[in-house]
Amino acid sequence: MHAQRRWRIAILLGAGVLINYFDRVNVSVAHEALHDEFGLTNVGFGYLVSAYSWTYAALQLPTGALLDRFGVALIGRIAALLWSVASFAASAALGVRTFFASRLLLGLGEAPTFPANAKAVGYWFPRDERSLATAVFDAAAKFASAIGVPLIGAAVFRLGWRWSFALTGLVSFLWLSGVWVRNR
């Protein structure tokens, strides 16, 4: 594979991780608004935050097997669609239960991200470029928290918590459309 195309792939993988982390920090930034809307206690909020982690962690090993069987492209498309739907579902949640379900779905959709990225780097990068390619998408995770909190905070402040989730859903869907659907 041509070097320019490989590095474009690394940047696209990094953009996917950036979006994933925006989805993850969204709930923390919206904590007070969720408390006001749903009357959440701190314990209830803890369950909402944990819901994502439960499905994310539980699906790491099965995701690896699915990636080996069906490939990065198919699993990546399905995963991005699921995490997009999860963000939209959070924005439309009618109560704590539906919001909780959206967080479970988000963990399901985002679980393949790092295993798929690692597999993609193994496929598309020569051995001597894999560390740098991995660093590109790993750095996006750290950068996302640094810029995501203020950006999402501004969205929550100006538009409300529902719109912050709708916006991350829209960005996720646009990334899915631009990366996975266009590059079939």
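Q: Which residues do ring pairs link into a cluster?
A: In this predicted model, a search of the whole structure finds 11 aromatic pairs. Some of these ring pairs join up into a cluster, and its members are Phe38, Phe99, Trp161 and Phe165.

Q: Why do the rings of Tyr52 and Tyr56 count as a stacked pair?
A: Tyr52 and Tyr56 are both buried, and because they lie four residues apart in helix α3, which covers residues 42–58, about one helical turn separates them. Two rings pair if their centres lie within 6.5 Å, and planes under 30 degrees apart count as stacked. The ring centres of Tyr52 and Tyr56 are 5.3 Å apart and their planes stand at 25 degrees, so the pair is stacked.

Q: Which ring does the charged end of Arg24 sit over?
A: A charge counts as sitting over a ring when, for Arg, the CZ atom is within 6 Å of the ring centre and within 35 degrees of the ring normal. The charged end of Arg24 is 4.1 Å from the centre of the ring it sits over, and that ring belongs to Tyr21.

Q: At what angle do helix α1 and helix α8 pack?
A: Helix α1 spans residues 3–29 and helix α8 spans residues 130–159, and their axes are 7 Å apart. Their crossing is right-handed, and the contact has 23 nonpolar, five polar and no charged residues. The angle between α1 and α8 is about 35 degrees.

Q: What is the radius of gyration of the chain?
A: The chain has nine helices and zero strands. For 184 residues, a compact globule would have a radius near 16 Å, and the value for this chain agrees with that, being 17 Å.

Note on methods
Residues are numbered from 1 along each chain as its sequence is written. This is a predicted model: local features need pLDDT of at least 70, side-chain atom pairs count only at pLDDT 80 or more; totals for chains, interfaces and linings use all residues. Side-chain values use heavy atoms; hydrogens and water are left out. Axes are lines fitted to C-alpha atoms, for helices over the stretch in contact, and angles run from 0 to 180 degrees between N-to-C directions. Helices (H or I, at least four residues) and strands (E, at least two) are DSSP runs, numbered from the N terminus. A crossing is left-handed if the near helix is turned anticlockwise from the far one by less than a right angle, and right-handed if clockwise. Ala, Val, Leu, Ile, Met, Phe, Trp, Tyr, Cys and Pro count as nonpolar, Asp, Glu, Lys and Arg as charged, and the others, Gly among them, as polar. Rings of Phe, Tyr and Trp (its six-membered ring) pair if their centres lie within 6.5 Å; planes under 30 degrees apart count as stacked, over 60 as edge-to-face and the rest as tilted. Buried means under 20% relative accessible area, exposed over 50%, partly exposed in between (1.4 Å probe, protein chains only). The radius of gyration is taken over C-alpha atoms; the globule rule is 2.2 Å times the number of residues to the power 0.38.
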